[in-house]
Amino acid sequence: MNSRSDQPLRLGTRRSKLAMSQSGHVADAVREITGRPVELVEITTYGDVSREHLAQIGGTGVFVTALRDALLRGEVDFAVHSLKDLPTAQPEDLVIAAMPLREDPRDALVARDGLTFEQLPDGARIGTGSPRRTAQLNHHARALGKRIETVAIRGNVDTRIGYVRDGELDAVVLAAAGLNRIGRSAEVTEYLPVDSVLPAPGQGALAVECLASDADLIAALGRLDDPHTRAAVTAERSLLAALEAGCSAPVGAYADLPADGEIVNEMRLRGVVGTLDGATLVQLSTTGPVPQSYDEAMALGRELADEMLAKGAAGLMGERSL
């Protein structure tokens with residue numbers, strides 16, 4: 001960390017309204033902890049400018065590379081990522097110094113006329129850019145005895161909700177956390193229960209990343225870390241890595257800590273992989289003591305992944321390019 005305490009810390013962020021909001025919250029917290037000014041440095045990433053579908057441009061990583069390059073070049077001191085955008089492999093020269101308390105991990109439905117998923121008409125057109133959501137929404141619809149049409153969409157929150165406002169789509173599905181962070185939660189017509197639609201691994205959580213060599217900054221940022229969030233998302237991401245699935249594979253994972261009174265002593269990890277049409281899902285869960293270390297959280301994810309693979313998960317993930 002720059003030794004001059006009046007020197008501003010430079011926080012690298014994507015330019016989207018959501019990224020700026022997330023980074024702004026972290027900047028406020030870091031100012032409070034360090035007593036140092038924090039300035040936001042806007043960085044455009046390939047994922048922000050490309051109009052292609054995420055699965056085609058490489059999925060995870062497209063929003064992250066430019067931020068990491070800026071860190072490594074010394075143009076910024078730390079960066080804030082949506083954890084679900086981060087590839088599961090961590091570069092050696094960078095460290096996730098903090099995973100702050102997680103926002104709502106659920107997916108949210110924004111539908112016309114205030115409708116819930118169950119109230120949508122047969123054949124309803126639902127927009128999502130996520131194969132994970134597509135597989136589970138189709139499965140959920142089948143369970144309710146109805147048919148839906150999923151439509152691949154991209155764009156920011158305004159663009160996506162605009163499809164519903166303009167009557168092009170009956171509904172869109174977005175991350176609840178993002179809507180909450182930009183003050184748009186009033187537009188949610190239903191929060192989809194995790195029992196029906198498991199979120200993306202790490203959904204709702206942020207990663208605050210800096211150089212592995214910057215011990216002072218790591219210590220300062222570490223005060224923002226939430227141990228339960230870190231244990232949960234580490235297990236989720238371990239499951240994803242063990243399934244060898246990029247973001248183009250329909251993998252959902254969620255670890256929660258069922259509170260027994262006030263004492264939290266167990267963590268339940270759930271995982272799902274499915275075909276895009278929702279006809280076949282492999283959905284399993286495991287419960288164990290709350291992981292006390294990175295290795296324990298990783299082990300929990302790997303164990304559940306092994307069980308899912310034994311139940312045929314690999315065959316559902318489509319042909320992956322070598």
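User: In strand 8, which residue is the bridge partner of Gly127?
Analyst: Val172 is the partner of Gly127 there. Strands here are DSSP runs of E with at least two residues, and helices are runs of H or I with at least four, numbered from the N terminus. Strand 8 covers residues 171-175 and pairs with strand 6 in the parallel sense over two bridges. Two strands count as paired if DSSP finds at least two bridges between them.

User: What kind of model is this?
Analyst: This is a predicted model, where local features need pLDDT of at least 70, side-chain atom pairs count only at pLDDT 80 or more, and totals for chains, interfaces and linings use all residues. Residues are numbered from 1 along each chain as its sequence is written, and side-chain values use heavy atoms, with hydrogens and water left out.

User: How many bridges join strand 6 to strand 7?
Analyst: Five, and the two strands run parallel. Ala124 stands opposite Ile148 of strand 7. Strand 6, helix 4 (residues 131-143) and strand 7 make a right-handed β-α-β unit. Right-handed means that, with the strands pointing away from the viewer, the path from the first strand over the helix to the second runs clockwise.

User: Why is strand 6 called largely enclosed?
Analyst: Four of the five residues of strand 6 (residues 124-128) are buried, so the rest of the structure largely encloses this strand. Buried means under 20% relative accessible area, exposed over 50%, and partly exposed in between (1.4 Å probe, protein chains only).

User: In what order do the five strands of the open sheet stand?
Analyst: The order is 2-1-3-10-4, with mixed pairing. Strand 2 and strand 4 (94-98) are at the edges with a single partner strand each, so one side of each lacks a neighbour in the sheet. Neighbouring strands are turned by 35 degrees against each other on average, direction ignored. Strand 4 pairs with strand 10 in the antiparallel sense over four bridges. There Ile96 has Glu209 of strand 10 as its bridge partner.

User: Which strands does helix 3 lie across?
Analyst: Helix 3 (residues 65-72) lies across strand 1, strand 3, strand 4 and strand 10, and runs at about 165 degrees to strand 3. Such angles run from 0 to 180 degrees between N-to-C directions, with axes fitted to C-alpha atoms, for helices over the stretch in contact (heavy atoms within 4.5 Å).

User: How many salt bridges does the structure hold?
Analyst: There are 21. Each is a side-chain nitrogen of Lys or Arg within 4 Å of a carboxyl oxygen of Asp or Glu. Asp107 and Arg132 meet at 2.9 Å, N to O. This pair links strand 5 (residues 107-111) to helix 4 across 25 residues. Asp107 also meets Arg133, at 2.8 Å.

User: Is Asp107 buried or exposed?
Analyst: Buried, with a relative accessible area of 0%. Arg132 is buried too, at 5%.

User: What is the distance between the closest N and O atoms of Arg230 and Asp225?
Analyst: It is 3.0 Å. Arg230 is partly exposed at 26%, and Asp225 is partly exposed at 24%. Elsewhere, salt bridges with shared partners join Lys17, Asp158, Arg165, Arg184 and Glu187 into one network.
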